[in-house]
Amino acid sequence: MSDQMSVEEAVKCFKIMWGKFPIPAMLLHKDRTVVALNGAYPPASSNFVGKKCFEMTRGSKVCPHCEANEAVAENKGRHAISYNWPLQQLRDCYWVPLDGYPDLYVHFGVDITAYALPELCAKEKAIAEGHAERG
């Protein structure tokens with residue numbers, strides 16, 4: 001089976017599993033290229049397929065909390081809390097590699113702003129703004 005066939009199969013499976021998930025989720029290549037988006041994204045977002053995920057929110061910079069490299073290298077799901085500056089949200093983020101597709105992973109983040117302590121929101125916002133470091 002060719003690599004292209006494998007990616008097409010992964011996209012099909014992604015759409016079956018994540019298509020109706022109520023939170024935006026994306027299928028990404030390990031180089032952060034967007035392969036597919038689920039149905040929670042507005043239709044206009046489809047122009048991001050083929051571009052880098054961080055171009056959706058940060059322009060040319062990888063998000064400071066990104067765990068994609070670790071998730072792919074370890075072939076293990078990763079988790080982080082981060083502040084999404086453009087959306088003004090504290091997000092519970094996940095990077096989940098796909099079995100059988102070592103170059104692909106699913107990424108999504110759940111808005112937990114309403115449930116988080118104000119101190120955590122302030123800390124993560126400072127990190128996102130570059131005024132503090134994770135530690």
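Reading from the N terminus, the elements of this protein chain go α-β-β-α-β-β-β-α, which makes three helices and five strands. Helices here are DSSP runs of H or I with at least four residues, strands are runs of E with at least two, and both are numbered from the N terminus. The chain's radius of gyration is 15 Å, close to the 14 Å from the globule rule for 135 residues, so the chain is as compact as a globular protein of that length. (That radius is taken over C-alpha atoms, and the globule rule is 2.2 Å times the number of residues to the power 0.38.)

You're looking at a predicted model, where local features need pLDDT of at least 70 and side-chain atom pairs count only at pLDDT 80 or more, while totals for chains, interfaces and linings use all residues. Residues are numbered from 1 along each chain as its sequence is written, and side-chain values use heavy atoms, with hydrogens and water left out.

**The whole chain**

- Along its principal axes, the C-alpha trace spans about 50 × 30 × 25 Å.
- Of the 135 residues, 38% count as buried; buried means under 20% relative accessible area, exposed means over 50%, and partly exposed is in between, using a 1.4 Å probe and protein chains only.
- Take the contacts (heavy atoms within 4.5 Å) with a separation of 6 or more: residues 24 or more positions apart account for 37% of them.

**The largest pocket**

- The largest pocket holds about 610 Å³ of space. The volume is the space filled by probe spheres set on grid points, and those points are joined across faces, edges and corners.
- What counts as a pocket? On a 1 Å grid over the protein atoms alone, where a 1.4 Å probe fits, a pocket is an open set of points with protein on both sides within 12 Å along at least five of seven lines; a cavity is a set the probe cannot get out of, and lining residues have an atom within 4 Å of a point.
- There are 37 lining residues, and Met26, Thr57, Asn84, Arg91 and His107 lie nearest the centre.
- β1 (25–29), β3 (78–84), β4 (89–98), β5 (101–111) and α3 (118–129) each supply at least two residues of the lining. β5 gives the most, with four residues.
- By type, the lining divides into 25 nonpolar, seven polar and five charged residues. Here Ala, Val, Leu, Ile, Met, Phe, Trp, Tyr, Cys and Pro count as nonpolar, Asp, Glu, Lys and Arg as charged, and the others, Gly among them, as polar.

- Asparagine 84 sits in strand β3 and is buried, with a relative accessible area of 16%. Leaving aside neighbours within four places in sequence, asparagine 84 touches Thr57, Gln89 and Arg91.
- Histidine 107 belongs to strand β5, and at 14% relative accessible area histidine 107 is buried too.
- A polar atom of histidine 107's side chain lies 2.7 Å from the backbone oxygen of tyrosine 94.
- Setting aside neighbours within four places in sequence, histidine 107 has contacts that include Pro24, Met26 and Trp95.

**Positive phi angles**

- Most residues other than glycine have a negative phi.
- Arginine 32 is not a glycine, yet its phi is positive, about 75 degrees. You'll find arginine 32 in the loop between β1 and β2 (34–37), where arginine 32 is buried at 11% relative accessible area.
- Asparagine 75 also has a positive phi, near 50 degrees. Asparagine 75 is in the loop between α2 (68–74) and β3 and counts as partly exposed, at 48% relative accessibility.

**In the loop between β2 and α2**

- Histidine 65 lies in this loop and is buried, with a relative accessible area of 12%.
- The side chains of histidine 65 and serine 82 are joined by a polar contact of 3.2 Å. A polar contact is a pair of N or O atoms within 3.5 Å; within protein, one must be able to donate a hydrogen and the other to accept it, and residues adjacent in sequence count only if both atoms are side-chain atoms.
- Tyrosine 41 is in the loop between β2 and α2 as well, buried at 16% relative accessible area.
- Leaving out neighbours within four places in sequence, tyrosine 41 is in contact with Pro24, Ala25, Met26 and Met56.
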